[in-house]
Amino acid sequence: MSSRLALFFAAGYLPPLIAAHHDMQAFAVDHVDDADPEMARIADEEIDRLQLSGLLELMQQRLLRLERIGDALGVTIPGEPDDAEGCIAWQRQIEGILQELGATDQADAMAYTLGLHIGEVIRLINRQAYLVRYQLVADPPILANQWVSIARELPVRLQHLLTAAAFAGLPPILRELGQPYAKVVNDVVVFPRRHDDKLYLVLLGRNLQNEMYSLLDQIDATEEKLKHRAG
């Protein structure tokens, strides 16, 4: 993937995907000593899952790729954040660097913006998926509050995504991403919580995971097309 647009696009979506891992880790750590023994149990299981599932290695690969993209663009990407809280400042630093770098070329800036909001949409759907795992065993207010927050933020992220994708200076390969992301977000935001329906939650969790992987596949397919375009 050698084109400058492709590099800006990837630099947009990678930080939210890296932050998503820290989100999951932080939520589990925060609840491993929860007063509700079922919440504490599932949080402990989530910590083990994150360590054993290969997700940590995937995050490290994404970090390394982001650093290489920075090298290719002639900028230094800040070092790995320590936790979810550190991710906030880390992402802001990266956003400032990339926005300054893309200020002289609107297509670069829009490719970055498109990637950023795509990454944030995936991050939010990933958050829904892991909240479902907790909802299967408990229903503290924090789960309901986070679900409502995600349902509010997803349409906002989608609108930013669609605005960037509509920019005529982007190649059709990137502009075409608006439609599949709009379909998934519009599907996801109508899912009710139904915390007391365990079978529904199992199916919902699987569906959210499938939707998330479908969106990641869209990124892979897009980058493959961009490689051929650059070549």
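Colleague: Is His22 buried or exposed?
Modeller: His22 has a relative accessibility of 8%, so the residue counts as buried. Buried means under 20% relative accessible area, exposed over 50%, and partly exposed in between, with a 1.4 Å probe and protein chains only.

Colleague: What kind of model is this?
Modeller: This is a predicted model, in which local features need pLDDT of at least 70 and side-chain atom pairs count only at pLDDT 80 or more, while totals for chains, interfaces and linings use all residues. Residues are numbered from 1 along each chain as its sequence is written, and side-chain values use heavy atoms, with hydrogens and water left out.

Colleague: Where does His22 lie, and what does His22 touch?
Modeller: His22 lies in helix α1. Not counting residues up to four places away in sequence, His22 touches Met59, Pro81, Asp82, Asp83, Ala84 and Cys87. Contact means heavy atoms within 4.5 Å. Helices (H or I, at least four residues) and strands (E, at least two) are DSSP runs, numbered from the N terminus.

Colleague: How do α1 and α3 cross?
Modeller: The axes of α1 (residues 4-31) and α3 (residues 55-73) come within 9 Å, crossing at roughly 150 degrees. That makes the two helices, α1 and α3, roughly antiparallel. Axes are lines fitted to C-alpha atoms, for helices over the stretch in contact, and angles run from 0 to 180 degrees between N-to-C directions. Under 35 degrees counts as roughly parallel, over 145 as roughly antiparallel, 65 to 115 as roughly perpendicular and the rest as oblique.

Colleague: Which residue classes make up the contact of α1 with α3?
Modeller: The contact of α1 with α3 has 18 nonpolar, 2 polar and 3 charged residues. Ala, Val, Leu, Ile, Met, Phe, Trp, Tyr, Cys and Pro count as nonpolar, Asp, Glu, Lys and Arg as charged, and the others, Gly among them, as polar.

Colleague: Changing topic, how many salt bridges are there?
Modeller: The whole structure has 11 salt bridges, each being a side-chain nitrogen of Lys or Arg within 4 Å of a carboxyl oxygen of Asp or Glu. One of them joins Asp23 and Arg127, with the closest N and O atoms 3.1 Å apart. Asp23 is in α1 and Arg127 in α5 (residues 106-135), 104 residues apart, so this pair links distant parts of the chain.

Colleague: Are Asp23 and Arg127 buried or exposed?
Modeller: Asp23 counts as buried at 10% relative accessibility, and Arg127 is buried with a relative accessible area of 18%.

Colleague: What about Arg49 and Glu46?
Modeller: Their side chains form a salt bridge at 2.9 Å, N to O. Arg49 and Glu46 are 3 residues apart in α2 (residues 37-52), about one helical turn. Arg49 counts as partly exposed at 27% relative accessibility, whereas Glu46 is buried at 4%.

Colleague: And Glu153, which partner does it have?
Modeller: Glu153 forms a salt bridge with Arg157, the closest N and O atoms being 3.1 Å apart. Both lie in α6 (residues 141-165), 4 residues apart.

Colleague: Which residues do shared partners join into a network?
Modeller: Salt bridges that share partners join Asp23, Glu120, Arg123 and Arg127 into one network.

Colleague: Last one, how do α5 and α8 sit?
Modeller: The axes of α5 and α8 (residues 178-188) come within 12 Å and cross at roughly 30 degrees, and α5 and α8 are therefore roughly parallel. The contact is made by Ile118, Val121, Ile122, Ile125 and Gln128 of α5 with Tyr181, Val184, Val185 and Val188 of α8. By class that is 8 nonpolar, 1 polar and no charged residues.
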